[in-house]
Amino acid sequence: MQPGLFFRAGVGAVIANERGEVLACERRDIVGAWQFPQGGLKDGEEPFEAVRREVEEETGITSDSLRLIAECPDWLAYELPRRVWSPKTGRGQVQRWFMFAYHGQPAIVPPAGGEFVACAWRLFADVERHVPDFRRPVYTKLRQCFNL
């Protein structure tokens with residue numbers, strides 16, 4: 001399928017600690033680019049299964065350290081800059097988002113060789129301000145959906 005013809009179905013997670021901060025992760029492939037854990041749905045996978053899998057793959061956080069707080073009722077989409085459209089991601093993503101409370105060790109070290117090189121607890125507004133422009137409308141909707 002040509003990249004310009006589809007949006008990849010995926011999920012995302014906003015993970016909050018007891019201080020009201022959210023977990024932001026720095027991408028391995030783009031130094032200084034921080035975002036929330038997210039990823040694509042596998043064939044036949046339900047969004048809630050996928051988000052738990054993606055969180056563990058990308059951050060090492062297991063389901064027993066998370067408590068579901070809310071699910072955004074709408075699928076949220078973003079379009080990537082045309083230069084990065086690909087057969088894997090198409091022209092962007094349409095995602096189902098979940099918010100979790102985190103109960104575990106404060107320091108999160110992403111798995112070696114994974115998508116992220118670092119994780120840090122930040123205020124939601126700080127993360128929202130520093131995501132790429134094409135993602136910002138989704139993060140603004142997440143703030144509204146999850147009352148952050």
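Modeller: Happy to; here is that residue, followed by the chain around it. Please keep in mind that this is a predicted model, where local features need pLDDT of at least 70, side-chain atom pairs count only at pLDDT 80 or more, and totals for chains, interfaces and linings use all residues. Residues are numbered from 1 along each chain as its sequence is written, and side-chain values use heavy atoms, with hydrogens and water left out.

Asparagine 147 is not a glycine, yet its phi is positive, at about 55°. The residue sits in the segment after helix H3 (136-145); helices here are DSSP runs of H or I with at least four residues, strands are runs of E with at least two, and both are numbered from the N terminus. Asparagine 147 counts as exposed because its relative accessibility is 69% (exposed is over 50%, buried under 20%, partly exposed in between, with a 1.4 Å probe and protein chains only).

Now for the chain as a whole. Three helices and eight strands make up its elements, and from the N terminus they run β-β-β-β-α-β-β-β-β-α-α. Of the 148 residues in the protein chain, 45% are buried. Among contacts (heavy atoms within 4.5 Å) with a separation of 6 or more, 71% are between residues 24 or more positions apart. Along its principal axes, the C-alpha trace spans about 45 × 35 × 35 Å.
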